[in-house]
Amino acid sequence: MSRLGNIDTSHKRLPDNNDDEPLTSTMNDMRRASIASNQEPLASTMNEMRRASTASNQGASGQVSSPRVNIKTKWQQYGTTIAGGNCQGKQLNQLSSPYGIYIDDDDQCIYIADCDNHRILEWKYNAEIGQTAAGGNGYGNRMDQLNGPTDMIVDQQNDSLIICDLGNRRVVRWFRRNATKEETIISDVDCYSLTMDNYGDLYISDFEQHEVRRWKIGETNGIIVAGGNGKGNHLNQLNQPTSLFMKGANEGIVVAGGQGEGNSLTQLSYPEGVFVDHWGHVYVADSYNHRIMRWLKGSKEGRIIVGGNGKGEQPNQFNLLRGLSIDRQGNLYVADNSNHRVQKFEIDLN
């Protein structure tokens, strides 16, 4: 089964008149999270999370683990909808199959890859509606358009968004203070997720080539740092990698899952978003099991920290998880894809 769902994997370019159907309609079998940190890079493969290693510090993209999060941390079990949740739609108070999310604590907002609306939304904390930060001009391949975006990060140094424009097979930059200034920085890549290191190098998971590449800005070809040995389950292979956290070498180490697809505590089913805390513990959006799990460093099984109550739309349930992130206070955020909402789970300080 392909995680691309209804996306056209032939990658035929959209005609200039955009008469064809979009490359993405409802991508409910796919997704990630894009987070940079000072931990080893993680790339999610089909039913496991792997760690490879390249030297890297906290990413320039600004996504970091909260120092409040540790082995004893617990979260409230009922989430609050902070974006969307008003049925599937294209209004500014609605979402349609959200994928990647990015927390910007400095600007007190969350960026959301609103995939089937072909836009990136900026949603201020406690706001009732979002604002279009990129795209929103219908699906297409013009520079002012997106086609099924799946992920984005904030490049603080250049005050811009860097976006995985998956349907157009490109990575694009949108400047936050100049909405009319856009540029393609990488072409012909099946970018599902991305992150950035301290040096401004991009790390991109190529969903179709089963690899993660590092790209220096201006390069025409990236360097393979994980996978690149065909689709497979060997430690030097990946199978449709999605989310990244940070680092890549000749072989990876399984840090979560790897016991086949399933719902036991040793298994995952289509893992998506991921982050690592300061202690090296791994947090995974276990998409098809509708739960968020924590895998302690070196552990052979995980623990459910949120969800796991079956598929549904209640505050303690999910319907296909995608992006996963955390703010400086330790609160969890998750893109609840098929409920068309983003949920916040506050850290339990009791």
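**Entry 1: confidence.** I began with the confidence of the protein chain: its mean pLDDT is 82, and 79% of its residues reach 70 or more. I keep in mind that this is a predicted model.

Entry 2: A note to myself: where pLDDT is low, the predicted coordinates should not be read in detail.

**Entry 3: the whole chain.** Next I looked up the secondary structure and got 0 helices and 25 strands. Of the 350 residues, 59% count as buried. I then took the contacts between residues at least 6 apart in sequence, and 58% of them join residues at least 24 apart. The accessible surface comes to about 13800 Å², with 42% of it belonging to carbon and sulfur atoms.

**Entry 4: one arginine.** I picked Arg170, which sits in strand β11, residues 170–175. Is Arg170 buried or exposed? Arg170 counts as buried because its relative accessibility is 7%, and the cut-off for buried is under 20%.

**Entry 5: what Arg170 reaches.** I followed the side chain of Arg170 to the backbone oxygen of Arg142, at 3.0 Å. The Arg170 side chain also reaches the backbone oxygen of Gln145, at 3.0 Å. Leaving out residues up to four places away in sequence, I listed what Arg170 touches; among them are Gly140, Asn141, Met143, Ile163, Cys164 and Asp165. Further along the chain, Arg170 touches Thr184, Ile186, Ser187 and Val189 too.

Key. Residues numbered from 1 in each chain as written. Predicted model: local features only at pLDDT ≥ 70, side-chain atom pairs only at ≥ 80, totals over all residues. Heavy atoms only, no water. pLDDT = per-residue confidence, 0-100. Helix = DSSP H or I, 4+ residues; strand = E, 2+ residues; numbered from the N terminus. Buried < 20%, exposed > 50% of the residue type's maximum accessible area, 1.4 Å probe, protein only. Polar contact = N/O pair within 3.5 Å; in protein donor to acceptor, adjacent residues only side chain to side chain. Contact = heavy atoms within 4.5 Å. Areas by Shrake-Rupley, 256 points an atom, 1.4 Å probe, with all protein chains shown as cover.
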